[in-house]
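Please look through the sequence and the model below before reading on.

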Amino acid sequence: MEGFLVSKTLFAACELGVFDFLLASERPMSAAQVAAGLGTDVDGMERLLSACAGLELLGTQAAGGEVLYSNTDMSRMYLSRSSPRSLFHSVEYYSKTVYLCWNYLTDAVREGKNQYEKAFGLPSEDLFEALYRSDDEMIKFMQLMNSTWNVCGRDVMTAFDLSPFKTIYDLGGCSGALAKQCVRAYPQSSVTIFDLPKVVSTCREHFVSPTDERIFFHEGDFFKDLLPEADLYILARILHDWTDECCVELLSRVHQSCKPGGGVLLVEALLNEDNSGPLTAQLYSLNMLVQTEGRERKASEYSALLTTAGFANVETGSVECVPILVTHLNAFLSR
Ligand code: SAM
C-alpha cells in the first residue's frame, strides 16, 4: 500500500538534485544548507532528507544540535548524475513517464491494453511513435536504456562466450550501451546498432562517439527492411515489447538472415515456469501491459518462440545484477 511513498521520495530527491548537491559539497550538510543550495523550503527539505536517511539513501551524523546529511556509497554510485554507474536517468523516466502510466493500471487490466491515451493523450497504435512523442522524450528513453547497461551490460555480454561471433547486429540497439560493452568484452568483434532512423541519428549525436571503435550503424525497421547477414543478432529487451505473433515474425526474419552457424542472443527478464516469481519480472510484466504491446515470458515461452522461428539448440544463462537495479535479466543463445 505504501510502496509508492518510497518511490516518490526517491524520485523527488533525485529530481531536486539532493544526491548531486551532497556529492559536490564534499562534506556533510544540514537540511538548511541543502535547502539553500537547491532553493527549496527548509522544512520540506528537512522531511525529505530525513525520509531518505530512513531509507538508507543518506547517512546522518549529529553536530552541535543539528543533523548533517551525506551520501551513502550506494547513492553516490547509483543516484548521482555524474557517476559512471548512475541510474539517475532510470529514476527520472520512472518518475515522469512510467509512474503516470501506472496511474491507469486498473484500466489497463480491464481493457488489456497500454494506457498512453489516458496518460499522455496519445494514440498508441504505433508503440514507438507514442514512446518517441518528442525528441526530448526519445532522448530520455534512450538515457533510461543506457543506464541499465552501464551497470550490468558487461555481465550480460559475458553470460555466454560470444567470442566465436565476429559480425554482430544489435537489433533495436538504441543508445549503443550494450554494443559498447560487447566490443569491450570481445576485441575481435564488431557491432552494428540497427534501429529506427531517428534513434540511430540521436545515438550518433549524443551517445556513441567516433572514438568508439568497431561500432557501426544501420537505420531500418526490423519488421519491414531486409536484415543484413550476421554471425550473431542481439535482441535485448525487444521481444517483451511485442505480441507472440510479432515476436515470431521478427525472429523468423532474423533466422532467414543469420549466417550458417550463427545465432541470436535474447536478453530478457524471465518469469518462473510456474509463474511464482520473481516478483520483479511479475511487476515488469504489468509494466509491459501499461506501456507496450508485450509481456514478460517464461524460459519455455521464449524457447517456443525461437523454435517456431526455426532456431534450435536453445541455451539459457542468467545474470545477477546489483541489488538496487532489482532486475533479473536472462540471456538465451540459440543457433
Ligand atoms: N536493446 C536496447 C536495450 O536493451 O537497451 C533497447 C530496447 S528498447 C525497449 C526497444 C528498441 O527497439 C528501441 O531502441 C526502439 O527504437 C527499437 N525499435 C522499436 N521498433 C523498431 C523497429 N520496427 N525497427 C527497429 N528498431 C525498433
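This is a predicted model: local features need pLDDT of at least 70, side-chain atom pairs count only at pLDDT 80 or more; totals for chains, interfaces and linings use all residues.

An α-helix has 3.6 residues a turn, so residues three or four places apart point the same way. The two side chains form a salt bridge, in which the closest N and O atoms are 3.4 Å apart. Lys-140 is partly exposed, with a relative accessible area of 21%, and Asp-136 is also partly exposed, with a value of 48%.

## Other salt bridges

The structure holds 12 salt bridges. One of them pairs Lys-96 with Glu-15, whose closest N and O atoms are 3.8 Å apart. This pair links distant parts of the chain, since Lys-96 sits in helix 6 (residues 88-102) and Glu-15 in helix 1 (residues 3-16), 81 residues apart. Lys-96 is partly exposed at 42% relative accessible area, as is Glu-15 at 39%.

A further salt bridge brings together the side chains of Asp-221 and Lys-224, with an N to O distance of 3.8 Å; Lys-224 is exposed, its relative accessible area being 66%.

## A negative surface patch

Glu-117, Glu-125, Asp-126 and Glu-293 form a negative surface patch. Within this group, Glu-125 is found in the loop between helix 8 (116-120) and helix 9 (127-131). Glu-125 counts as exposed because its relative accessible area is 67%, over the 50% that the term requires.

## Backbone geometry in the loops

Most residues other than glycine have a negative phi, and most peptide bonds are trans. Glu-56, which is not a glycine, has a positive phi of about 65 degrees, and it lies in the loop between helix 4 (42-54) and strand 2 (58-63). Arg-237 likewise has a positive phi, near 55 degrees, in a residue other than glycine, and its place is in the loop between strand 7 (230-236) and helix 13 (244-257). Is each of these residues buried or exposed? Glu-56 counts as exposed, at 61% relative accessibility, whereas Arg-237 is buried, with a relative accessible area of 15%.

The peptide bond from Gly-277 to Pro-278 is cis, with omega near -15 degrees. Pro-278 is placed in the loop between strand 8 (258-271) and helix 14 (279-291).

## The buried side of helix 15

Which residues of helix 15 (residues 299-308) are buried? They are Ala-299, Tyr-302, Leu-305 and Leu-306. These residues lie on the same side of helix 15, because they cover an arc of only 125 degrees around the axis. Just after helix 15, Gly-310 takes a positive phi of about 110 degrees.

Leu-171 is located in strand 4 (residues 167-171). At 0% relative accessibility, Leu-171 counts as buried, the term being used for values under 20%. Leu-171 and Leu-235 are 64 residues apart in sequence, yet their C-alpha atoms are 5.5 Å apart in space.

Methods:
Residues are numbered from 1 along each chain as its sequence is written. Side-chain values use heavy atoms; hydrogens and water are left out. Patches are made of residues with over 30% relative accessible area and no salt bridge: like charges are joined within 9 Å, nonpolar side chains (Val, Leu, Ile, Met, Phe, Trp, Tyr) within 5 Å. Accessible areas come from the Shrake-Rupley method with a 1.4 Å probe; for residues, only the protein chains shown count as cover. A salt bridge is a side-chain nitrogen of Lys or Arg within 4 Å of a carboxyl oxygen of Asp or Glu. Lys and Arg count as positive and Asp and Glu as negative; His and the chain ends are not counted. The place of a charge is taken as NZ of Lys, CZ of Arg, CG of Asp or CD of Glu. Helices (H or I, at least four residues) and strands (E, at least two) are DSSP runs, numbered from the N terminus. Buried means under 20% relative accessible area, exposed over 50%, partly exposed in between (1.4 Å probe, protein chains only). The arc is that of the directions from the helix axis to the C-beta atoms.
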